Amino acid sequence: MADTVSSGSGTRSGGKHSTTPADNYYLARRRTLQVVVSSLLTEAGFESAEKAAVETLTEMLQSYVSEIGRSAKSYCEHTARTQPTLSDIVVTLVEMGFNVETLPAYAKRSQRMVITAPPVTNQPVTPKALTAGQNKPHPSHIPGHFPEFPDPHTYIKTPTYREPVSDYQILREKAASQRRDVERALTRFMAKTGETQSLFKDDVSTFPLIAARPFTIPYLTALLPSELEMQQMEETDSSEQDDQTDTENLPLHMSTDDSGAEKENASVLQQNASLSGSRNGEESLIDNPYLRPVKKPKIRRKK
Amino acid sequence: MRNLNYFSNAYAAAVSAVDPDAGNGELCIKVPSELWKHVDELKVLKVHINFSLDQPKGGLHFVVPNVEGSMAERGAHVFSCGYQNSTRFWFPCVDSYSELCTWKLEYTVDAAMVAVSNGDLVETIYTHDMRKKTFHYMLSIPTAASNISLAIGPFEILVDPYMHEVTHFCLPQLLPLLKHTTSYLHEVFEFYEEILTCRYPYSCFKTVFVDEAYVEVAAYASMSIFSTNLLHSAMIIDETPLTRRYLAQALAQQFFGCFISRMSWSDEWVLKGISGYIYGLWMKKTFGVNEYRHWIKKELDQIVLYELKTGGVLLHPIFGGGKEKDNPASHLHFSIKHPHTLSWEYYTMFQCKAHLVMRLIENRISMEFMLQVFNKLLSLASTASSQKFQSHMWSQMLVSTSGFLKSISNVSGKDIQPLIKQWVDQSGVVKFYGSFAFNRKRNVLELEIKQDYTSPGTQKYVGPLKVTVQELDGSFNHTLQIEENSLKHDIPCHSKSRRNKKKKIPLMNGEEVDMDLSAMDADSPLLWIRIDPDMSVLRKVEFEQADFMWQYQLRYERDVVAQEESILALEKFPTPASRLALTDILEQEQCFYRVRMLACFCLAKIANSMVSTWTGPPAMKSLFTRMFCCKSCPNIVKTNNFMNFQSYFLQKTMPVAMALLRDVHNLCPKEVLTFILDLIKYNDNRKNKFSDNYYRAELIDALANSVTPAVSVNNEVRTLDNLNPDVRLILEEITRFLNMEKLLPSYRHTITVSCLKAIRVLQKNGHVPSDPALFKTYAEYGHFVDIRIAALEAVVDYTKVDRSYEELQWLLNMVQNDPVPYIRHKILNMLTRNPPFTKNMESPLCNEALVDQLWKLMNSGTSHDWRLRCGAVDLYFTLFGLSRPSCLPLPELGLVLNLKEKKAVLNPIIIPESVANSQEPVNNPNNHGQLIGFQSTEDDHLVKETASNVSVHQQGVKRKADMPLGSPLEPGQIPEKNEDSKVKLKIRFSNSQEEEEIDMDTVHDSQAFIYHHLNMLERPSTPGKEQSSLELNMLPVAAAPLSVFSKESNSSKHSDHHHHHHHEHKKKKKKHKHKHKHKHKHDSKEKEKEPFTFSNSPASGRSIRSPSLSD
């Protein structure tokens, strides 16, 4: 027993040269654990133990106790409390497979050794975050165990009041200049990052024109509405177009569906078309030669 | 000899020489002598023509986008195109509108492609390897080869939801647009069928929308090919009526033009007239009477302008045989004997005049009779078309001028001969000058109407003329008889000049209105006078009446034409009263929107004339503010809402007109510019159902209109530092707009187009250094066609202003090499309209090299496109005139004599007068390109077939469409297996660059030689040749022995499983089976021997190899 204690103190002294208050705090607690382990070993009838074995057991005990603490904390938080109660510990122990029934008996065993409480060392002080203002005290209806209010700067807002902008003219003005600024910034950016053309030979930056680039299929960009316009159309159309959808009859819808598929894979367009044809044919009895399926070639007999 | 007189004579002769209408052809088939006896026995000869078409330059247009993927994924497509009868460009045929036959067409294409062609799609069959499909078409209605067409591509298919026999095709991804665009078509169908009381003649109809279209709309039998740029979404306002008009035009031509074809070129006006006329009726019904009358007025103004400028458009040219002297169109620089020699502009005007004349006929015989005549023509034709085996009946499907007139007189019982003589058989329009005086004592209106019939393009009018006089007591029509020498006409007035203040004034339409009569002359009861209010004469009227009369006319006359006339007249009267009248019209919402738009521009002009006395804000500004700006903040425009189209158009137009305002310093007032800039700034389209791209484009146009010439000190170089601050603002906007277009392109890139135009305006006015580089990049292939045209227009303008030889060369180079035929045509057209110089003008550009270049272009560079060639001729005419270009070195007279005497090599600098004037058919090698351009090789032979005959001799005729005109003919392919065929016609001509190749001894000899050959084509003299002419010239000449000809295009299975080589370049293969047969009616034995002549069924078992276009 003395050995172990001495060895434990030896360890401490060995590392002493580089300790901080926090280290001291933890080492003190660990030392107590070591004492506990050693006394338990003595209690179990060991004369002596190797240092390494004690260390291992200490480690195990420490993890076990830590786990109990962690679980207990979880349980208590689970029930919206901040301080674990006895029942939390009990549940934890049960959960960890410990037979709680045996605990009182064990606690009352005769040969148990009493160990002095660990020396009280100062709780390591976590450097405080910059505090701004005073934390608000709990109002009377909040129990004291509830956590303190956070620093005021995290929740206090100082509204900066201005007259609400409701003037139509200013709104329009704002919207217009905002859009213009965005457009200008965007086009300038595009011009800066890409090729440009200029109207003035000596100056390329004042009126940068994004260089004209030919398209491979020019009519697509020219004819199809841009996404923005499509979106806009959907928004504005939803109300007015209701009456129109009634008049558009079924086959139109059919081909709408097909169009998506055809776009995806132009090479199977034909098959699609013929497929859609047969579908159309079934549903609305359109007989159009372009919708009929393509025939298989006839096998010719040689004469 | 580079003069145009000479060219057009020779060109006309060359076109004549191959004119299918006249029975001439470009492919001569020589009947081997072994077969003569069969001909004598009147047996049927079956001709089979195998050919392949390798990279054609004309006739078919391929569009192959340069992207990754298979042809279908790339959206590659091909379609037939051309001007008038141009089908022979892509397969051998009798390319005449008067040669009808039934057709069976087969196209084998890649499995991902669709082949759209004429007639009914009978079936679609995979080839054995399943990679390709064969489309089988059957057209049982007799149709001329010229109305045959084809379009192949990875089309998306839309069956019309209202008419299941109508199918629409468009390129991938455009289906939503197609759906919207064609959603209206069924109403057009209903309209035409109703007024014609006749069903649509074909069993199906197809519309195909293709890229790089030759023309916006081309009508063929049972299908029409449109430009894909006509497609639009529901958000687009401006394009919608235009596209619908094209659809309606195309459909009108289905009835008259495709189903009913023409007898000869001189009957073309009937078809164009009828189709244009019924299209006009559709316009009236769809867009209303105002729009219709406005359109008629516009067309009338156009034709009048053109005729006065060029000297006349003749609808029905009659060509006396041999009497070349009285050329009906000597005032023109081209011959009007053939469609293919016409200037495109002339042809457009021709169509315009045709429908106007048709309207005149309607005025004379009433619309009811008119429609009865059409119905009669159609029902005769449809009866004839169902006569499958009596092809002599088919001539009922052809319309001729005389037949049409006869129908009119039968149906209506009226004599319209004078009308026809005046407007159809004669060219020119009438020019009236009118003035009047009121004789108070007699209470008579003394009207003086003078005519100018001596200027070019005019003719004398004799006959009735309607005059409408609006008096205080009402509106009265008077019909004056215009006679030779009577200038003055006395018209009694109904009302005294007394004023009955309380009384309302009755108008023509029965309406009674209150008028403020204080402006009028106290002595006269006349409010206004109109001459020929119904436009029942093709005329231009210049009428003089007092400004207040014009103002009354503008305010109270309900006819839009009268309103427009008065607006134009008021330009000359810049007074506050005119201003008030115009402003009132502008504000009046019941007024036709086009009148209001016109009033905007007139108001701007008046304001400029009144600039020193003008009071109040700039014209239209307060009006615009009231109509379109917010009530609370008048400088901010309302957010866009284009639901009301009338006000939309007005909103678009007003800023453009306002920008034309000028202050005392002749600058655009700062206030106006700020106003327009504010419109741009505050433009907000977020809540709008429609796209505002046209509106924004017009705002840019307005900016451009506000630009005035820069004040230049000592010709300083234009730099940024000395940029006018206003211009800087304008440039900012243009830059932003143009750049935004790259990110968010507008429909048809209208904004880019406007920006380019505006930049050119800034350049031209000296604010920005003049430089074509920017435009040249936008003009490149790969930009949208509208952008290209706008950019090219700027380059053309630059060429003119800066006299740049380099740019002219660049343009001409593009004319020769651009892939898009429309662009090539358009460049020439724009150069003609805005020429870098004209004749009698000193210009450094006018030099010999240019003459040579254009001459070459006319002769040999444009063989594949009639329109292009005629465009080149137009340009040549504009630049150099009819006679020898002045920049050429003067010819030495001695040389001419030497030339004639010696057997020297022809030096074609000048042309002897005699040759130039006498209209001998093609007499110079220079101009033979046309003749041989399409017949580079002709090895043809007839094959006699007997019933037991199995082997059909065949041989390929290879046509090289890309062979330049005028280059020597290549000997044809050697026939493959038959010895009896002969290579017969080998004409060796050369163009001016290769004169040494002429193997003629003298000039005279060569002329004689050519003449001989031409004659030979026209009038074969030997028996052998006669056969060939029978085969080739299937036009029924009265004297020719064959009175009946039936042609069927039979297809038959291949006897040999010929594997078609896949053509990398086109990826599409077409097998065109086409066979003409001639049957002699009188030989009954033959009929028995040749059973298949009766049937439309494929002559199965016959081993006929079909020609393949791209083998």
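1. B:D701 lies in helix 18 (residues 693–705) of chain B; helices (H or I, at least four residues) and strands (E, at least two) are DSSP runs, numbered from the N terminus. The residue B:D701 is partly exposed, with a relative accessible area of 25%. In these terms, buried means under 20% relative accessible area, exposed over 50%, and partly exposed in between (1.4 Å probe, protein chains only). Between the C-alpha atoms of B:D701 and B:C755, which stand 54 residues apart along the chain, the separation is 7.8 Å.

2. The model is predicted: local features need pLDDT of at least 70, side-chain atom pairs count only at pLDDT 80 or more, and totals for chains, interfaces and linings use all residues. Residues are numbered from 1 along each chain as its sequence is written, chains are lettered from A and ligands numbered from 1 in the order in which they are written, and side-chain values use heavy atoms, with hydrogens and water left out.

3. Chain B as a whole contains 32 helices and 28 strands. Of its 1111 residues, 63% are buried. Its accessible surface comes to about 41,200 Å², and carbon and sulfur atoms hold 52% of that area; accessible areas come from the Shrake-Rupley method with a 1.4 Å probe, and for residues only the protein chains shown count as cover. Taking contacts (heavy atoms within 4.5 Å) in chain B between residues at least 6 apart in sequence, 72% join residues at least 24 apart.

4. Helix 9 of chain B covers residues 401–412. Its 12 residues reach 16 Å from the first C-alpha to the last, close to the 16 Å expected at 1.5 Å a residue; the expected span is 1.5 Å times one less than the number of residues. Buried positions in helix 9 of chain B are B:T401, B:F404, B:L405, B:S407, B:I408, B:V411 and B:S412. Seen down the axis of helix 9 of chain B, these buried residues fall within an arc of 155 degrees, so they line one face of the helix; the arc is that of the directions from the helix axis to the C-beta atoms. On the other side of helix 9 of chain B, the residues B:S402, B:K406 and B:N410 are exposed.

5. The packing partners of the buried residues of helix 9 of chain B are helix 6 (268–310), helix 7 (344–365), helix 8 (367–386), strand 16 (398–399) and helix 10 (417–423) of chain B. Just after helix 9 of chain B, B:G413 adopts a positive phi of about 70 degrees.

6. Helix 23 of chain B (residues 805–817) has 13 residues and reaches 18 Å from its first C-alpha to its last, close to the 18 Å expected at 1.5 Å a residue. Within helix 23 of chain B, the residues B:E807, B:L808, B:L811, B:L812, B:M814 and B:V815 are buried. Viewed down the axis of helix 23 of chain B, they fall within an arc of 155 degrees, so they line one face of the helix. B:E806 and B:N817, on the other side of helix 23 of chain B, are exposed. Against the buried residues of helix 23 of chain B pack helix 21 (773–778), helix 22 (785–802), helix 24 (821–833), helix 25 (848–861) and helix 26 (866–880) of chain B.

7. B:A790 has its place in helix 22 of chain B. With a relative accessible area of 6%, B:A790 is buried. Not counting residues up to four places away in sequence, B:A790 touches B:V753 and B:L756.

8. Chain A has 11 helices and 2 strands, and from the N terminus on its elements run α-α-α-α-α-α-β-β-α-α-α-α-α. Buried residues make up 25% of its 303 residues. Residues 24 or more positions apart account for 39% of the contacts in chain A with a separation of 6 or more. Chain A exposes about 21,500 Å², and carbon and sulfur atoms supply 58% of this area.

9. A:L93, found in helix 4 (residues 86–95) of chain A, is buried, with a relative accessible area of 8%. Leaving aside neighbours within four places in sequence, A:L93 is in contact with A:Y64, A:I68, A:F98, A:V100 and A:L103.
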